[in-house]
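Please open the structure in a viewer and keep the selection panel at hand.

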Amino acid sequence: MQVPFVNFHKEFETIQIDVQKELDEVFKNAYFIMGQKLQLFEKQFADYLGAKEAIGVGDGTGALFLAVQALGIGKGDEVIVPSFTYIATALAASHNGATPVLVDVLPDTHLIDPKEIEKKITKKTKAIIPVHFYGNSCDMDSIMKIAKKHKLFVIEDAAQAHGARYKGKKLGTFGDYGCFSFYPTKNLGAFGDGGAVVTNKTNLAKQIHLLRNYGQEKKYYSKIKGYNSRLDELQAAILSVKLKHLDAWNKKRTAHVAMYRKLLKGIVDFASDTPNSTPSHYIFAIQVPQRDLMQKKLAEKGIGTIIHYPVPVHLQEAYKDLGYKKGDFPISEKIANTTLSLPLFPYITKEEITYVCDTIKKMVSKKD
Ligand SMILES: *Cc1c(COP(=O)(O)O)cnc(C)c1O
């Protein structure tokens, strides 16, 4: 049996007719940037999340970068970021001239440890970027409390958490900004790059509107030095179609993860969900000591896996300048060395999951 890491063909089939209709309309209008399709999707996405505004941007990295900039964070400032995350989270601080200050994650959820956050706060700290990794919610009660106490901004990296909730409230709507990616594999994925910044504050929304479009409110009149980072009409139209299916697809992912956990319990380790949360289950990762060997052997059995992510931020070559060393964030390092993401997508079958789990069981019991 062949089980690819992701397979979106079935997903495409379910939306093909609707997507084609949308694309035809865009072609007929022949209007490709900052038009009605974007406006409509922005409204739909904001409503779906229960947020005041959503602003479509070029990608998730751009969403984070613009959010940091919009809050006036720059040179001499510090931004707290988990040491175990996708590099884009840290880059958002760096490319604004600020310093990412890293914090280790919790061993059970692999999410930023609120107790460690407080230890890293200095006079220079301006913001915390909690990352809802795997689509699982960070401990938002603790994080919002710390932010309030120290008067810090909160920018949620919700790039893996479309539709996930914490105590019933959608992720991305707790902080000053919530940042989303529509990279094709994400829970809500475009057919190319895309992203959005979400906020409940009108003045903060206005700032992103300016920054994503050359600083212009009125065409050709720039108020501030902005950028070009926009979600195009084709992607917005596709995302409107897919948004209608998001809850159903997330539910499928949740059922698949429940099955994986049931079949692999006591065989391998895996992260647990945050209490009182409803994760979107972007990734299902296991932790195995001989990870690289297992990945190779699973590939030989036709099973696709990915490592999210092999190198924590503090050990990335790009971040040599921060002066961190091996051993500084032991939990992040352990996860990076042992983590392996198993095939997961809405239309994976029970047979495929069973095959993956049986194969892993046989490998683990052989003790090699
Ligand atoms: C995907 C992702 C990003 C970056 O999004 P892009 O759209 O690829 O730029 C940022 N943070 C996390 C946690 C992600 O998973």
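The model is predicted: local features need pLDDT of at least 70, side-chain atom pairs count only at pLDDT 80 or more, and totals for chains, interfaces and linings use all residues. Residues are numbered from 1 along each chain as its sequence is written, and side-chain values use heavy atoms, with hydrogens and water left out.

**The ligand.** Next, display the side chain of T61, where an N or O atom is 2.6 Å from an oxygen atom of the ligand. In the side chain of D157, an N or O atom lies 2.8 Å from a nitrogen atom of the ligand. Q160 places a polar side-chain atom 2.8 Å from a ligand oxygen atom. The protein buries 92% of the 380 Å² that the ligand exposes when taken alone (accessible areas by the Shrake-Rupley method, 1.4 Å probe).

**Residue E78.** Now select E78 in strand β2 (residues 78-82), a strand being a DSSP run of E with at least two residues, numbered from the N terminus. E78 counts as buried because its relative accessibility is 15%, and buried means under 20% (1.4 Å probe, protein chains only). The side chains of E78 and T122 are joined by a polar contact of 2.8 Å (N or O atoms within 3.5 Å, one able to donate a hydrogen and the other to accept it).

**Residue F27.** Finally, select F27, which is placed in helix α1 (residues 9-29).

Key. Helices (H or I, at least four residues) and strands (E, at least two) are DSSP runs, numbered from the N terminus. Buried means under 20% relative accessible area, exposed over 50%, partly exposed in between (1.4 Å probe, protein chains only).
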